[in-house]
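Work through the exercises below with the model open. Each task is followed by its solution in steps.

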Amino acid sequence: MLSEADFAFVTREVKARSGAMMGRDASALAEARLAPLARREGYGSVSELITHAKIKPDGKLWSAIADSLTQTETRFFRDRAMFAHLRKDILPELFARRSGERLRVWCAGCGTGQEAYSLAMILEELRDEGAAGAELYATDFSERLLGKARSGLYTQFEVQRGLPIRKLIAYFEKAGDLWRISDRLRASVRFHNHNLLDPPGAIGPFDLVLCCNVLSGFDAPTRLATLARLSETMASDGVLILGQSEPLPEGIAGFSDAGRCFVKTPAARAA
């Protein structure tokens, strides 16, 4: 069992590296998730792993620990109502506003890629209907999760969760016991490593930013700072979509609520 001191140290390091908060009742869960990492790294116990992480100067072990402990629940078309709104209203309106130009879209905190690929399917359908297409950019801080996303390989259980059968037939092929997403769809998403706690750099401007079911794991100041950074990457009239249970927090100004999404206004800033 993790000592109270070790667990407190772990929670501080995980928050510093990923923004994720861990409750006091998560000690046993943390040890269970870290046990495979400890074995893989050649340590006899999780406590030994943490002890060595404290003295390693490069921080790689702490990055691996944060990766192992960060929640990554996702699935294809996770929020059906939101994706329907994207397909019917938000994306057609954005394409109309851009007068035939390609859109730039960012899936922030993309995890294992299901959200990004779900959006890629919609964008391909709209392109077939005459839309200009889009540049789709997806990021996560975890190279482990990005590796799975880039592979485009998913289990039977994963494709059964939310993926309509007609889309499975259209966009996937069987690969042994797994399903592989089509080469054309995989090539349409650019996956990159990026930590939402860091400055975004020159990656914008984006017409549409999805950051769904990520901010709920942050404390209030981290949510506010993260949204301010996301706002920096957005076009002056860009659209922001958060998770179903993630309202825009108090203290962020310059977004109008447009029903399931937030439209940036010129005054977007942290208050």
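**Exercise 1. Sort the lining of the largest pocket by residue class, then locate the pocket.**

Step 1. The lining holds 16 nonpolar, 15 polar and 7 charged residues. Here Ala, Val, Leu, Ile, Met, Phe, Trp, Tyr, Cys and Pro count as nonpolar, Asp, Glu, Lys and Arg as charged, and the others, Gly among them, as polar.

Step 2. The model is predicted: local features need pLDDT of at least 70 and side-chain atom pairs pLDDT 80 or more, while totals for chains, interfaces and linings use all residues. Residues are numbered from 1 along each chain as its sequence is written, and side-chain values use heavy atoms, without hydrogens and water.

Step 3. The 38 lining residues include Thr70, Gln71, Thr72, Asn213 and Val214, which lie nearest the centre of the pocket. H2 and helix H5 (80–97) are the elements that give two or more residues to this lining.

Step 4. The volume of the largest pocket is about 810 Å³.

**Exercise 2. Describe how helix H2 packs on helix H4.**

Step 1. Take H2 as residues 27–40 and H4 as residues 60–69; their axes are 9 Å apart, at an angle of about 130°. That angle makes H2 oblique to H4 (under 35 degrees is roughly parallel, over 145 roughly antiparallel, 65 to 115 roughly perpendicular, and the rest oblique).

Step 2. The crossing of H2 with H4 is right-handed.

Step 3. On the H2 side the contact (heavy atoms within 4.5 Å) uses Ala30, Arg33, Leu34 and Leu37, and on the H4 side Ala64, Ile65, Ser68 and Leu69. By class these residues are 6 nonpolar, 1 polar and 1 charged.

**Exercise 3. Which residues line the largest cavity?**

Step 1. The lining residues are Trp106, His194, Leu196, Asp198, Pro200, Thr226, Arg229, Leu230 and Thr233.

Step 2. Helix H11 (residues 220–232) gives the largest share of this lining, 3 residues.

Step 3. The classes are 4 nonpolar, 3 polar and 2 charged, around about 40 Å³ of space.

Conventions. Axes fitted to C-alpha atoms, helices over the stretch in contact; angles between N-to-C directions. Helix = DSSP H or I, 4+ residues; strand = E, 2+ residues; numbered from the N terminus. Left-handed = near helix turned anticlockwise from the far one by under 90°. 1 Å grid on protein atoms, 1.4 Å probe; cavity = no way out; pocket = protein on both sides within 12 Å on 5 of 7 lines; lining within 4 Å. Points joined across faces, edges and corners; volume = space filled by probe spheres on them.
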